[in-house]
Amino acid sequence: MPAKNVSAADISGHTPMMQQYLRVKAEHPDKLVLYRMGDFYELFYGDAQRAAPLLDITLTSRGQSAGSPIPMAGVPYHAVDQYLAKLIRHGESVAICEQIGDPATSKGPVERRVTRIVTPGTITDAGLLDAKRDSLLVSVHIAGARAGIAMLDLAGGRLSLRDLALADVGAFLDRLDLSELLYSDAEPISFGKGAAIPARALPPWHFDPDAALRRVCDQLGTLDLAAYGIGDAPLGVCAAGALIGYAQAAHQSALPHVRTLTVEREGDHLALDAATRRNLEITETLRGESGATLLALLDTCVTSAGSRLLRKWLSNPQRASEIAQARHGAIAELLATLPQCREQGGALKRTVDIERIAARIALRSARPRDLSGLRDTLVSLPSIAVSLARCSSAVLQGIVASLAVDGTWTSLLQRIIATEPAAMVRDGNVIAEGFDMELDELRAIDKDCGAYLVELEARERERTGISTLKVEYNRVHGFYIEVTNAHVARIPADFRRRQTLKNAERYITPELKAFEDKALSAQERALARERVLFDALLTDLAPAVPALQRAALALASLDVLAAHAVQAATLRWTQPTFSDTPGISIRAGQHPVVAGQVEHFIPNDVSLNPERRLLIVTGPNMGGKSTYMRQTAVIALLAHCGLFVPAADAVIGPMDAIYTRIGAADDLAGGRSTFMVEMTEAAYILNRATPLSLVLIDEIGRGTSTFDGLALAWAIARELVCNNRSLTLFATHYFELTALPAELEGCANVHFDAVEHKDRIVFLHAVEDGPANQSYGLQVAKLAGVPSEAVRQARAYLSRLDHFSARRDDHGDLFSASPPKVELPRPESPVLDRLATLDPDALSPRDAHAALYELKRLAGDSKADADN
């Protein structure tokens, strides 16, 4: 592969065509160059070697360079989009080099230039985008301990930025679900998702403050940015300048549909760090799958834009309750008219993705079927608006207002675009008949072609006496007269041979040649005319883009709200309420995902407030502790998203964040053990949680020695209740922690129980006040398939440990100042030890009889030893 800077000597040793390719590649060293050659796009050198396995295409060679074959691979031009989609999924960027010269008049290689650059964060084509996910281009600018972040959804035309502490950048990027990351090569990044997504290093001058400010102002069409409050995000402006320049270079045009700027501020959203998003399984399960997630359950939207908006709501819950309450009111109003709500779903299903079509109109990359779909959707907007006319909710009234798109645009599309246009302008039949007189005349010539050929064929058959003579056309040879070899001797003198076949000859006559020139010229001119008219239509539609964007957001919002109203009615979810007093009160709450996967889910209550701010949750493994904690967080999250909740009643107080420390996992790549990961997450929570935070701690302290883990768990719980004063659910198997409520104000015990029935254990899954009395670990081990002998040995060892354990009723407080009362161990008893190893349910009659004799013998031996 040529180096980044290709020297004149490197280029001069190649053919003219390869010299042309190397000059193009030198301008785009970090991208795969698709070089148009006839009906194929070719890749050469290292590009071919890199792309061939990604695209599953054959790696071949062409010519030689320095005595070695030049690696080459290619894809058909008509299928390039499907190959581009594969490359984008692998994080590659591509420069597409097209033939722009005329091969018939070119001397040497046909003139070519890069007409399109495709990167993961700048794509807008429907075939390359994930319909249900935003494609987000993000830029980061670091200055000392602060960083500015700019975010652009090019397909949606949304630009936003924010300044924040450098330490918080990783968690912020995790929230974004970005597609491509830009940063200065003078500021290498090593946080968040930076290594997991395509990252591009740009020269530092791209982030220059003055140049960035001018570029952002030019993009928004303003003299300055005072109206946007950029005083809160000066570093974000630097990042935005680099981001806009990168996107403009990729599309080789301005971005006319990006006309608004949102400056995000700390506290706008409910804080959810990476661990919390992972543990609550909002958009991905713990295994990285998209199946059994909160999003998968809630996404019953009928439009792709609705699905994207729902994902955005779940990933960015609002901290202020006003927005959430407005959504709650809209859903409640839709619930009152469910049949109408379902009809709206049917109407919405027939709409197209206006948001992304508007972006393609602005970027002049829209296709004919984009515009026909837009036309049909615009026709349906008035009826959708009428169905909401009587709604009083401010949200629904806003939707009605946004759906009122000027009918001029609908009329324009109806007059110009054919009812069922071709997929591409180059295929013709895009412009409606009757719109353009010149185009209609050219089409008439083409349509009359068939009648003329039939009439010419009849005349020539009569003139030559050859009844099998045919007049036909194909794309390669044009028009021709075909005569079988048996009648070649009878052809007239004005027949000129055009092609020889095995059993026939094909001819052209002066009359047919004249018609061919006229007909083919008409086809070419008709296609050229359609291109001119289509481009003019895109220009005429450009002023409609802002109105289309508003209508797109209105349709997506209505889709989310209507779909959720139907789902809430089906699942019997309720509208949560917000309180000015810190705390969470949930009655008969459920975990929405788990409840949908089991036959009977036991709902549970939870009450957290400043006087009862830390609950010690104890109980058996598999008893429901983790589900109980997660469902509390999920219900709070749904409430702040503006959605109904799976509970009989829920009151949510002010909240600034949700933090979780759940599960055990190591970080081998980062060189961190399971325990180190656990302590790092705990430290993160202790350093950030406030009295308005909801904290979930599950089984902390397991990765070290028993007493170290117990001491750390006790200290962390004490820190949360005394210093952070957060609303906390603290699940543990350290029963010593159940003494905390007696020592610390604001603590309480709750537990999950189980009962043993014969050889089975039944989990009750119902939360009760007070501590649990046992863990049932051995019973769970048996359920998991641990061999019976191992379980029996464990039970015997547990019996011995019980005599030295602090679990006895008269044990001292591990953390009290006074020493505990120590009980001397009882003398060894072979009879009791053997008895403890027996499992009566597993003994056959014969084994039981033998065991009884063995116990009698051991008792006799013990008595004899005592007498001696």
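This is a predicted model: local features need pLDDT of at least 70, side-chain atom pairs count only at pLDDT 80 or more; totals for chains, interfaces and linings use all residues.
Two strands pair if DSSP finds at least two bridges between them, and the strands (E, at least two residues) are DSSP runs, numbered from the N terminus. Residues are numbered from 1 along each chain as its sequence is written, and side-chain values use heavy atoms, leaving out hydrogens and water.

**E17 and its partners**
- A hairpin of 3 residues links E16 to E17.
- E16 (residues 496-500) runs antiparallel to E17, joined by 4 bridges, and Arg497 stands opposite Tyr507 in E17.
- E15 (residues 478-484) also pairs with E17 in the antiparallel sense, over 4 bridges; here Val483 has Glu505 as its bridge partner.

**How covered is E17?**
- Strand E17 (residues 504-508) is mostly covered, with 5 of its 5 residues buried (under 20% relative accessible area, with a 1.4 Å probe and protein chains only).
- In a regular strand, side chains alternate between the two faces of the sheet.
- Ala504, Arg506 and Ile508 point one way from E17, while Glu505 and Tyr507 point the other way.

**E5 and its partners**
- Strand E5 (residues 94-99) is mostly covered too, as 5 of its 6 residues are buried.
- E1 (residues 32-37) runs parallel to E5, with 4 bridges between them, and Leu34 has Ile96 in E5 as its bridge partner.

Technical notes
Buried means under 20% relative accessible area, exposed over 50%, partly exposed in between (1.4 Å probe, protein chains only).
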